[in-house]
Amino acid sequence: MISKTKTILSHKTIETLARANFGEWVRVAEVSELTEGFFNAVYVLSFDEPVEGYNEMVLKVGVQPDKYILTYEKDIMRTEVAVYHLLAKNGVPAPKVLRSDFSRKLVSCDYFFMEKLTGATWDKLTDKLTPENSKQLQYNLGRYTARLHSIKGDYFGYIKDDETFHFQTWGEAFRSFIINIIEDGRRSNIELPYVEILETFEPYWPILDEVKEPSLVNYDMWSKNILLLEKDGEYVIDGIIDHERSFYGDPIAEFISTITICGELANAVSFQKGYGEESGKPFTFSKNEQIRFCMYNVYLGLLAGVEIYRYEEENVPKFLEMSKYVINRGLSALKELGK
């Protein structure tokens, strides 16, 4: 995916970064760009000789500081690295961070190296999964999701060093999410139903404060960000990637991506079982939780619409149309629940 925020590096610069982090003797034999992402540039590096035991690594490169980005996108690569370190202590499968550099001395942006997992994304393997294997994967996804949510923060909001993104209540944090993305959208002259969103949300802000504990939420756990590996004739979850948009907040927000894999939550028996067993609590989806879920769906639609600033002109109409569809569907569901 072509994106205006991606930092494209030459083979020579990439080798310079590799040598600075792993030793002057390192030789990068090949570099290939992974083009499916929408924000950062991602490269696969292969070496003439193994580097710390790795024949290949992934290099992820952040956005240059002079580029326009959205308010919440500030320093999100640092968020991703922080979350990978948290998951390494928690047993959620994820690639290991090998080096990170936020000094911006060698290049004018953040970057980090991580191990390259060998699995393929879940969305590419759906047709190869037996019903039994699919159920087991959904069960394990439930377990890993609950394990991720068991990581607690000291504040609500996006995971950043900048404390202006930190809040004492989830209501304050999520309201800031909405206000910031609306301001970003208006600043970019992107036409979306901002007034209707704020008017529809108005009665429901207090419901957000039912969330008393800041839980780690990935908010991007789609099938394209879950890698599966074949072992003994069945697929297992090899790693969950792309945690840059994580925040401390309401675990219910996670289930927006869950339903794209497991179907409607009410029928996602295997996922519910895994989540409940790992969390030690029954899986619930009360009316107020459904209301919050709709609010998070609207926020997702807003993100999809306002993010068009970085896409090629030819891709803008389809993303804007998708955004409006998600927003309108979420608002309709919210109004229906409020009757």
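Select Leu 228 and display its neighbours: leaving aside residues up to four places away in sequence, Leu 228 touches Gly 119, Ala 120, Trp 122, Leu 125, Leu 129, Leu 137, Tyr 235, Val 236, Ile 237 and Asp 238, where contact means heavy atoms within 4.5 Å. Leu 228 belongs to strand 10, residues 226–231; helices (H or I, at least four residues) and strands (E, at least two) are DSSP runs, numbered from the N terminus. With a relative accessible area of 1%, Leu 228 is buried; buried means under 20% relative accessible area, exposed over 50%, and partly exposed in between (1.4 Å probe, protein chains only). Select Trp 205 as well: 23 residues separate Trp 205 from Leu 228 along the chain, and their C-alpha atoms are 38 Å apart.

The model on the screen is predicted, so that local features need pLDDT of at least 70 and side-chain atom pairs count only at pLDDT 80 or more, while totals for chains, interfaces and linings use all residues. Residues are numbered from 1 along each chain as its sequence is written, and side-chain values use heavy atoms, with hydrogens and water left out.

Next, show the whole protein. The protein contains 11 helices and 12 strands. Its radius of gyration is 20 Å, close to the 20 Å that the globule rule gives for 339 residues, so the protein is as compact as a globular protein of that length; the radius is taken over C-alpha atoms, and the rule is 2.2 Å times the number of residues to the power 0.38. The C-alpha trace spans about 65 × 50 × 40 Å along its principal axes. Of the 339 residues, 55% are buried. Among contacts between residues at least 6 apart in sequence, 72% join residues at least 24 apart.

Now select helix 4 (residues 131–149) together with helix 8 (residues 255–262). Their packing angle is about 170°, and their axes lie 11 Å apart; axes are lines fitted to C-alpha atoms, for helices over the stretch in contact, and angles run from 0 to 180 degrees between N-to-C directions. Helix 4 and helix 8 are therefore roughly antiparallel; angles under 35 degrees count as roughly parallel, over 145 as roughly antiparallel, 65 to 115 as roughly perpendicular and the rest as oblique. To view the contact, display Gln 138, Leu 141, Thr 145 and His 149 in helix 4, which meet Phe 255, Ile 261 and Cys 262 in helix 8. By class, this contact has 4 nonpolar, 3 polar and no charged residues; Ala, Val, Leu, Ile, Met, Phe, Trp, Tyr, Cys and Pro count as nonpolar, Asp, Glu, Lys and Arg as charged, and the others, Gly among them, as polar.

Move to helix 6 (residues 194–201) and helix 11 (residues 316–337), which pack at about 25° with their axes 11 Å apart. Helix 6 and helix 11 are therefore roughly parallel. Glu 196, Ile 197, Thr 200 and Phe 201 in helix 6 meet Ile 327, Leu 331, Leu 334 and Lys 335 in helix 11. This contact of helix 6 with helix 11 comprises 5 nonpolar, 1 polar and 2 charged residues.

Finally, select two loop residues. Glu 52 lies between strand 2 (41–51) and strand 3 (54–61); its phi is near 50°, a positive value in a residue other than glycine. Glu 52 is partly exposed, at 46% relative accessible area. Asp 242 lies in the loop between strand 11 (234–240) and strand 12 (247–249), with phi near 60°, again positive in a residue other than glycine. Asp 242 is partly exposed, at 21% relative accessibility.
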